[in-house]
Amino acid sequence: MINKFQFLIIVFTFFIFKLGFSQPEVPVEKWKNKTILLVGAHPDDDWLSHGTLALLNKNSNKIFILTLTTGNVGTKDLTINKNDLSIIRRKEQLEAMKVIGLTEKQYINLGYDDGRLEFANREEIIGKIVYYIRKIKPDVLMSFDPGFNYQVWHKSDHRASAYLTADAVRAAEWHLMYEGQIIHQNLKSYAVPEFLFYGGNVGDRNTNVDISGFSELKILSGSKYISQWSSGWNKYLGSDLDKYPDGEKEKVFNRLKNRIKYFNDKPIEQFRYYKGMPDGMGREKRD
Ligand SMILES: [Zn+2]
């Protein structure tokens, strides 16, 4: 029989091994000169990682955001049409990116309809993601977490984004897949070496990024998504929060502040880090 103390040591060792095995060799806070590609479904999904992106940008990493849809149904305001909402959300996205030091040149939107990713042509959309993976050649790819040893349930576009991205990563490394890009567009097959998955289950997250010094920027960038995270969701009154009634600006900033997570009194963002062959991103090693 083992006593309680020995049991705790075993459990502790197991977790240290598991975490140590899967965490980045160099902490994310020290990454330099890497190329990072974040893929998301909507023009605000990247906000979950804006502290990390601001930090990485400051540390001379090159960042690109690839968003699959225009976000053109995300409103409860009956007076806004899809076209107008696409325009509003592009502007909000670019404003938010500007706050964390990113420009329009670092933003790619594939223009798919919001809420319809699951019904989009998979071969076509994966081909487009493959194209940008081969073109940008990211050292690190950030994506909705497709799950580890099981499939994570996300709402539909997020779920689609997680799997489309995972499938695109896999296709990008095979030169006979989407070979037209290689023959006619001067691209090469490319294997993504490292991954940071966001939005997955809390228990699967193995990496904390200390965003001290960047959490204020994250809050400020979040405040740009007025059509999403203010009373503009129900009644959109333009892109200036000062023009919204009832102290809306203060409410929005407080809400965003409350969404910042802390660990040991430091603001953090959490991810599941993975390094290795794409086939292993969702499971432990098998025989
Ligand atoms: Zn989303």
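This is a short walk through the structure of one protein, starting with the whole chain and ending with a few residues.

Hello everyone. Two things before we start. Residues are numbered from 1 along each chain, as its sequence is written. What you see is a predicted model: local features need pLDDT of at least 70, side-chain atom pairs count only at pLDDT 80 or more, and totals for chains, interfaces and linings use all residues.

How far is the predictor confident? pLDDT is its confidence in each residue, from 0 to 100. The mean for this protein is 93, and 92% of its residues reach 70 or more. Over residues 16-21, though, the pLDDT is below 50, and beyond near neighbours in sequence this stretch has 1 contact in the model. Where pLDDT is low, the predicted coordinates should not be read in detail. By contact I mean two residues whose C-beta atoms, placed from the backbone, lie within 7 Å.

Now the overall picture. The protein has 9 helices and 8 strands; these are DSSP runs numbered from the N terminus, with helices being H or I of at least four residues and strands E of at least two. The radius of gyration is 20 Å, close to the 19 Å that the globule rule gives for 287 residues, so the protein is as compact as a globular protein of that length. That radius is taken over C-alpha atoms, and the rule is 2.2 Å times the number of residues to the power 0.38. Among contacts with a separation of 6 or more, 77% are between residues 24 or more positions apart.

Let's look at two strands. S2 (residues 62-69) and S3 (residues 107-112) run parallel, joined by 4 bridges; strands pair if DSSP finds at least two bridges between them. Between S2 and S3 the chain passes through helix H3 (residues 82-99), a right-handed β-α-β crossover. Right-handed here is when, with the strands pointing away from the viewer, the path from the first strand over the helix to the second runs clockwise.

What is inside? Of the 287 residues, 40% count as buried, where buried is 20 or more other C-beta atoms within 10 Å of a residue's own, exposed is 12 or fewer, and partly exposed is in between, with C-beta atoms placed from the backbone. The largest nonpolar core has 59 residues, and those with the most contacts inside it include Ile129, Ala168 and Phe195. Such a core is a set of buried Ala, Val, Leu, Ile, Met, Phe, Trp, Tyr and Cys residues joined through C-beta atoms within 7 Å. Helix H5 (residues 156-172) gives the largest share of this core, 9 residues. Leaving out residues up to four places away in sequence, Ala168 touches Ile126, Ile129, Val130 and Ile133.

Another covered element is helix H7 (residues 215-222), with 6 of its 8 residues buried. What covers them includes H3 and S8.

Tyr274 sits in strand S8 (residues 266-275). Is Tyr274 buried or exposed? Tyr274 is buried, because 22 other C-beta atoms lie within 10 Å. Its C-alpha atom is separated by 5.0 Å from that of Phe195, 79 residues apart along the chain. Lys34 lies in the loop between helix H1 (4-22) and strand S1 (35-40). With 18 C-beta neighbours inside 10 Å, Lys34 counts as partly exposed. Beyond four places in sequence, Lys34 is in contact with Asn61, Asp139 and Val140.

Notes: pLDDT = per-residue confidence, 0-100.
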